[in-house]
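Please view the sequence and the model together while reading.

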Amino acid sequence: MEIFAATDAEIATRARLSHAGTPPGAQAVPAAPRRWKGEPIRLSGVTKSFGARPVLRRLDLDVPAGQFLAVVGRSGGGKTTLMRLICGLDSASSGDVLVGDTRVAGLMPQVRLLFQDARLAPWQRVLGNVGIARGPAWREEAYAALKDVGLADRGRDWPSVLSGGQKQRVALARALVSRPGVLLLDEPFGALDALTRSEMHRLTERIWTEHGFTVVLITHDVAEAVALADRVVVLRQGEIALDVEVDLPRPRAGTDGAATADLQRRILAAV
Ligand SMILES: Nc1ncnc2c1ncn2[C@@H]1O[C@H](COP(=O)(O)OP(=O)(O)OP(=O)(O)O)[C@@H](O)[C@H]1O
């Protein structure tokens, strides 16, 4: 049994409205509010050890609400460990992690994650994937989220017929459907080809600008970090080796000026 009951006609109508606005005589699809609340993140004196080995060492990090932060660093530097502490998948050995006013202790509903692989349920259509675990209002929200990622007309497709980039868009819509205060992106663009990756960059930047949630992006790609983030933190051996503002005008996709190159060099040197 499917978890949604929309008919093909209903989906087609909604998709048409999403793309073309409301034709004369048609009933308007209620628009979701375009902006929601970003949550600040605060780490104070956070250490995380596995056995006797510290992976994060007395980390202090304040991420203001609505900031787009990129975390870069070499493999094994503790980036994913940091993500897991922020979303409550793991707990710190010592120190405090706060999202908004809440001390993280267990999974945080206002924090959503996007991974390198889309992790869609193959037995659910696109709309079902986006709407999983939602309450009674999920269907409107799912349509709004699919529209946000440019897939309003793909709700009845199975994940298997989508391209890699489209699957990532569905995963992004699934993360957005609950209007998270914080979106954690763990190398979500790493497996995509260059063109699709730059499309995803533009999409992510647009959606973040529209909705105003806080983003933490983990990436190995310094150019990606500088293209997207307000601020870049370099994590090296569990410590912050560099913390730098990206004071470049948006949108930045495709910009390749001297200031961008300088900043990239500075970050690479710290990595
Ligand atoms: N559950 C665990 N048990 C033991 N060691 C772990 C565990 N999780 C991570 N580590 C270790 O912690 C260190 C940091 O891992 P982490 O995945 O945070 O690094 P990363 O910077 O995200 O690396 P990558 O860029 O390769 O994904 C690594 O040495 C890893 O082996």
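How many helices and strands are there in the protein chain? The protein chain has eight helices and ten strands, where helices (H or I, at least four residues) and strands (E, at least two) are DSSP runs, numbered from the N terminus. This is a predicted model, in which local features need pLDDT of at least 70 and side-chain atom pairs count only at pLDDT 80 or more, while totals for chains, interfaces and linings use all residues. Residues are numbered from 1 along each chain as its sequence is written.

**The chain as a whole**
- Of the 271 residues in the protein chain, 39% are buried; a residue is buried if 20 or more other C-beta atoms, placed from the backbone, lie within 10 Å of its own, exposed if 12 or fewer, and partly exposed in between.

**Surroundings of the ligand**
- Phe50, Val55, Gly73, Ser75, Gly76, Gly77, Gly78, Lys79, Thr80 and Thr81 are the residues around the ligand.
- With three residues, helix α2 (residues 79-87) gives the most to this shell.

**Helices α2 and α4**
- The buried residues of α2 are Lys79, Leu82, Met83, Leu85, Ile86 and Cys87.
- Helix α4 (residues 138-148) has buried residues at Ala142, Tyr143, Ala144, Ala145, Leu146, Lys147 and Asp148.
- Gly150 follows α4 and has a positive phi, near 80°.

**Packing of α5 and α6**
- Helix α5 (residues 164-176) packs against helix α6 (residues 194-211) at an angle of about 20°, and their axes are 10 Å apart; axes are lines fitted to C-alpha atoms, for helices over the stretch in contact, and angles run from 0 to 180 degrees between N-to-C directions.
- α5 is therefore roughly parallel to α6, a description for angles under 35 degrees, with over 145 counting as roughly antiparallel, 65 to 115 as roughly perpendicular and the rest as oblique.
- Gly164, Gly165, Gln168 and Leu176 in α5 meet Thr196, Glu199, Met200 and Ile207 in α6; two residues are in contact if their C-beta atoms, placed from the backbone, lie within 7 Å.

**Ile41 in strand β1**
- Ile41 lies in strand β1 (residues 41-50).
- Ile41 is buried because 25 other C-beta atoms lie within 10 Å.
- Not counting residues up to four places away in sequence, Ile41 touches Val63, Ile86, Val99, Val182 and Thr214.
- Ile41 and Ile86 are 45 residues apart along the chain, and their C-alpha atoms are separated by 7.8 Å.

Technical notes:
A residue is near a molecule or strand if its C-beta atom, placed from the backbone, lies within 6 Å of it.
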